[in-house]
Amino acid sequence: MLQKWFNKTFIAQTSITPLITFRIIFGVMMMVGTARFIALGWIDDHYVKPLFHFKYYGFEWVQVLSKNGIVAVHILLLTASLFVTLGLFYRFSALLVFLTFTYLELIDLTYYLNHYYFVSIIALLMVLVPANRYISLDILRRPTLHCATVPAWCINIFKLQLAIVYLFAGLIKINHDWLINALPLKIWLPANDQLFLIGPIFTWWYTPYIFSWVGMLYDTTIVFWLLWSRTRPVAYLSVIIFHVLTGILFQIGVFPVVMIGATLLFFSPQWHQKVLWAVARFIQPKQMQIISNYQHNFYHQPKLQKQILSVALPLFFTFQILFPWRFLCYPGNMYWTEQGYRFGWRVMLMEKAATATFYVIDAKTGKKGEVFNSDFLNAHQEKQMAMQPDMILQYAHFLGKYYREKGMQNPKVTAEIYVTLNARPSKLYIDSTLNLMTVKDGWEDKKWIK
């Protein structure tokens with residue numbers, strides 16, 4: 001029984017059409033997202049103006065390019081996304097999307113978002129699959145590339161990744177603050193009381209509780225409803241409603257659109273076939289003859305590639321499933337310490353704010369001066385840094401180095417930081433007398449957090 005399921009899920013040939021639809025949607029979303037980023041002037045705000053960029057642990061070596069270099073990377077990302085959409089030089093283009101997008105996200109930790117992490121993962125997986133073998137410009141260059149089917153794993157790895165995102169987002173909501181106290185929705189929803197028609201609903205006392213429970217149930221079960229053909233149309237309607245509503249309420253960029261597009265993978269190959277043939281007739285009638293000539297071709301995966309992926313993919317998804325649970329290795333409240341918080345598909349789970357005042361002390365003279373954070377950081381960086389311990393530490397070490405280069409002898413850096421979590425009274429976050437220059441970051445428990 002298990003062998004039969006495994007063969008059907010990963011080995012058996014299945015229609016390539018859902019993969020092609022996904023390629024087009026992914027490429028278009030990447031183009032729109034990149035063009036939007038450029039048009040809003042975020043290149044200057046994110047990469048050029050700040051004097052300091054916070055680093056991901058282990059990726060301190062990633063450096064920001066000059067403004068012209070960053071613009072060139074965005075243009076390269078935009079072009080590669082277009083080529084992925086069209087299926088032109090597909091593998092190379094998909095690899096460029098992964099490398100350029102991931103590089104941009106690694107430049108500054110303060111801009112981490114779950115959906116950026118999701119895009120990097122999807123871009124990497126896109127490199128591995130033959131998503132240019134149907135309705136693509138690569139077929140016009142080499143008609144023999146065309147195939148009608150692919151091994152089922154080529155499609156199911158994306159479904160599995162979507163399932164991981166949703167399930168972890170739902171399971172982590174099963175906690176006291178979210179379900180019993182309706183926090184942080186009790187804080188956020190009333191702020192939207194001016195929305196047309198639906199605004200007054202958010203002032204009702206029980207609305208945050210309904211949204212909290214519905215959100216948890218949606219995330220933990222939606223994949224199963226999408227997998228079942230009988231419930232799929234209604235489930236997909238709920239996907240649209242859920243993500244449109246969250247997009248309106250919380251202004252989380254293109255992520256709702258990405259999820260609405262990605263979940264189309266769960267629809268049948270026949271549905272995707274109808275959509276793609278309509279697209280092909282409209283965009284490139286010549287392809288219809290090519291498709292007819294090679295309609296029954298199968299995709300034959302190279303033996304070496306198959307052997308590598310048979311090891312790499314299980315390891316990759318094992319990591320994806322286990323890594324979000326690393327927070328269990330740390331004591332204390334994860335939402336307070338944020339140890340093990342990132343890369344766990346924890347979306348909109350807390351309302352956290354902080355004020356951070358840093359002091360630099362000259363060890364030789366004993367003189368103490370207050371640091372004006374705005375001299376070094378933009379508003380977003382300062383906000384994110386103030387409540388996340390690894391960033392607090394990075395910033396302190398940056399200040400120590402900066403003032404040492406200015407001639408200060410063996411500077412000490414301390415910080416007075418007050419944090420509030422889910423509207424509770426603010427508390428001192430770390431020992432305000434601790435010299436942060438003596439503390440190193442790492443995987444071990446940050447015992448210096450109060």
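What is the volume of the second largest pocket? In this predicted model, the second largest pocket has a volume of about 910 Å³. Its lining comprises 36 residues, and those closest to the centre of the pocket are Tyr-56, Tyr-57, Phe-59, Phe-323 and Phe-343. By residue class, the lining of this pocket consists of 21 nonpolar, eight polar and seven charged residues.

At least two residues each come from helix 5 (90–106), helix 6 (114–128), helix 16 (303–322) and helix 19 (389–405). The largest contribution is that of helix 6, which provides five residues of the lining of the second largest pocket.

Strand 3 spans residues 352–361 and pairs with strand 5, residues 412–421, in the antiparallel sense. Ten bridges, given as 10 in the computed pairing, join strand 3 and strand 5. Within this pairing, Thr-355 has Tyr-418 of strand 5 as its bridge partner.

Strand 3 also pairs with strand 4, which covers residues 368–370; this pairing is likewise antiparallel and involves three bridges. Here Ile-361 lies opposite Lys-368 of strand 4. Strand 3 and strand 4 together form a hairpin, with six residues between the two strands. In the turn of this hairpin, Gly-366 has a positive phi of about 80°.

Technical notes
Residues are numbered from 1 along each chain as its sequence is written. This is a predicted model: local features need pLDDT of at least 70, side-chain atom pairs count only at pLDDT 80 or more; totals for chains, interfaces and linings use all residues. Side-chain values use heavy atoms; hydrogens and water are left out. Two strands pair if DSSP finds at least two bridges between them. Helices (H or I, at least four residues) and strands (E, at least two) are DSSP runs, numbered from the N terminus. On a 1 Å grid over the protein atoms alone, a cavity is a set of points where a 1.4 Å probe fits but cannot get out, and a pocket is an open set with protein on both sides within 12 Å along at least five of seven lines; lining residues have an atom within 4 Å of a point. Grid points are joined across faces, edges and corners, and a volume is the space filled by probe spheres set on the points. Ala, Val, Leu, Ile, Met, Phe, Trp, Tyr, Cys and Pro count as nonpolar, Asp, Glu, Lys and Arg as charged, and the others, Gly among them, as polar.
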